[in-house]
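I opened my notebook for a first walk through this structure. Here is what I looked up, one entry at a time.

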Amino acid sequence: PDTRRWCFADQLGPHFLDAPDQPVLLVESRGVFRRRRFHRQKAHLLLSALRHRAAELGDQALFLQTDTYAEALDQVREPLSVCAPTTWPARDFVLRRPGVTVLEARGFVTRQADFRRWAASRSRQRLLMDDFYRVARRAHDVLMDGAEPAGGTWNLDHDNRQPPPADGRVDAPPPWWPVEDEIDEQVRADLDRWEADGDVAFVGDDGPRLFPVTHAETQERLADFLTHRLRAFGPHEDAMLSGDPWLAHSMLSASLNLGLVDPADVVHRADAAWRESVAAGDPLPLNSVEGFVRQVMGWRDWIWHLYWQLGRDYRHGNALEAHEEVPGWMGELEAEAVGANCLSHVLADVRERGWVHHIPRLMVLGNYALQRGIEPLAITDWFHRMFLDGYDWVMVANVVGMSQHADGGVLATKPYAAGGAYIDRMSDYCGGCRYDPRKRLGEDACPFTAGYWAFLERNRERLAGNLRMRQPLAGLGRLKDLDAVVDQEVRRGTDAP
Ligand code: SF4
């Protein structure tokens, strides 16, 4: 515990220390922002969280503000320990540094060694999230009744795919919001100055900070979610509403990925909240509780383990041979350039806040990139830079594998391509759109519906061996206007729809 613990900017919670009074090294590297064009609010969140941690620790922390990590470390003369960092390059870097002891990773519910053991017992095609999630639920005793899952079933996802509520409102109060302080003011002033100096460039709007930057703020958001919003979370978690980007989502992803809170605590508290509600005779719906636990210890842990399991080259997968560039309007978040109401709304949300929930990411933004054949690594980089909770480890498997099907089906058994009918069912976007989700040809042909058929046609042979694509591909043969649709979409390309 006496060795100084070097904490990366995504290792900011108390669970990264062995003792509350352990000496700490924190490094703020400005070079990180110079290399890539991040969303302005992402830069703000990262710097604010780091500086808040430094202020919280006071003399206990050695806080170095430099251009690069190497520059900072050259100033440190004592031995350091570090919890294994979250990306391949950062791990390489710490392993190369003399005087640095690299410890096991923290910040996830399950351990890497446990995942490796589990994965070794299965073939690569059989690494299913659901299987690992069950092992983890048992091992960590979350939502269990003895050896059985609480309520008798592991997965209540089928209850959680409802369209938006008819009255356009989820039954939950607004989320808990943090209040900015003088550290935020200083961060804002610094970012303004760096930008004015031409030193760094950002994308997206500045705005009030909406996400926690400390352990204490995260606890506030978590407690508020468990008490007031978890009840309504499940059923509409996949729905999209133009007037409500949050619905009943927890909005804890950014805090979890900054390492502000231990995810094991988060799921145990959700479990406890459920048990208390049952004892009080007013049970929280199990589909809401299980859906949340699945996000935090199922999906998040699984994606983390896959990042390492699938190896360094996984990011370069391009099974569908997609080579288009990210169009300028997308790179600049120019929502006004886009007539497709869903895409325009979601882009505006990203510009305004650097966050939308998983369905606009997967079924609007990711779906668009997939249909239009945008290069998987380029769109992964875009997601990483635009989203406040985006990090390499979380984006690579999610975008390359899940969203863009660039791994040829390791992560998801079929591509997440969908036409306008899905977006119409799950959102209120289509009513106000100049396109018609049922049309695939003509002036008002929905770019998602037409794009879906053009995508299938372009990838007909690549997807022919996929059993789950047999039916959609058979549908292609029934389209009399297919050639015209394909021509139309080739002409549209990645121009703003
Ligand atoms: Fe989006 Fe098509 Fe619906 Fe318009 S009609 S909102 S483009 S899905």
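**Entry 1: Met251.** I began with Met251, which lies in the loop between helix H8 (215-233) and helix H9 (253-257). A note on naming: helices (H or I, at least four residues) and strands (E, at least two) are DSSP runs, numbered from the N terminus. Residues are numbered from 1 along each chain as its sequence is written. This is a predicted model, where local features need pLDDT of at least 70 and side-chain atom pairs count only at pLDDT 80 or more, while totals for chains, interfaces and linings use all residues.

I then read the backbone angle: Met251 has a positive phi of about 55 degrees although it is not a glycine. Most residues other than glycine have a negative phi. Is Met251 buried or exposed? Met251 counts as buried because 23 C-beta neighbours fall inside 10 Å. The cut-offs are 20 or more other C-beta atoms within 10 Å for buried, 12 or fewer for exposed and partly exposed in between, with C-beta atoms placed from the backbone.

**Entry 2: Asp141.** Asp141 also has a positive phi, of about 50 degrees, although it is not a glycine. I found Asp141 in the loop between helix H6 (129-140) and strand S6 (144-145). Asp141 is exposed, because 10 other C-beta atoms lie within 10 Å.

**Entry 3: Val109.** My next stop was the loop between S5 and helix H5 (112-120), where Val109 is found. Val109 counts as buried, because it has 24 C-beta neighbours inside 10 Å. Which residues does Val109 touch, not counting residues up to four places away in sequence? They are Ala136, His140, Pro263, Ala264, Val267, Met297 and Asp301. Contact here means C-beta atoms, placed from the backbone, within 7 Å.

Entry 4: I traced five strands forming an open sheet in the order S3-S2-S1-S4-S5, with parallel pairing. Two strands pair if DSSP finds at least two bridges between them. The edge strands are S3 and strand S5 (100-103), each pairing on one side only.

Strand S1 (residues 4-7) and strand S2 (residues 24-29) share three bridges; in S2, Leu25 is the bridge partner of Trp6 and Val24 that of Arg5. S2 and strand S3 (residues 61-66) pair over six bridges, and Thr66 in S3 is the bridge partner of Ser29.

**Entry 5: the domains.** The domain assignment, which is automatic or from a database, gives domain 1 (4-103), domain 2 (112-178 + 213-309) and domain 3 (315-492). How far apart are the centres of domain 1 and domain 2, taken over C-alpha atoms? I noted 28 Å. Their contact takes 12 residues from domain 1 and 10 residues from domain 2.

**Entry 6: the ligand.** Last, I looked around the ligand, where 15 residues gather and Ala340, Cys342, Cys430, Cys433 and Cys446 come nearest. A residue is near if its C-beta atom, placed from the backbone, lies within 6 Å. Helix H13 (341-353), helix H17 (420-426) and helix H18 (447-458) each give two or more residues to this shell. The largest share, three residues, comes from H17. By class, the shell has 11 nonpolar, two polar and two charged residues. Ala, Val, Leu, Ile, Met, Phe, Trp, Tyr, Cys and Pro count as nonpolar, Asp, Glu, Lys and Arg as charged, and the others, Gly among them, as polar.

Technical notes: Two residues are in contact if their C-beta atoms, placed from the backbone, lie within 7 Å.
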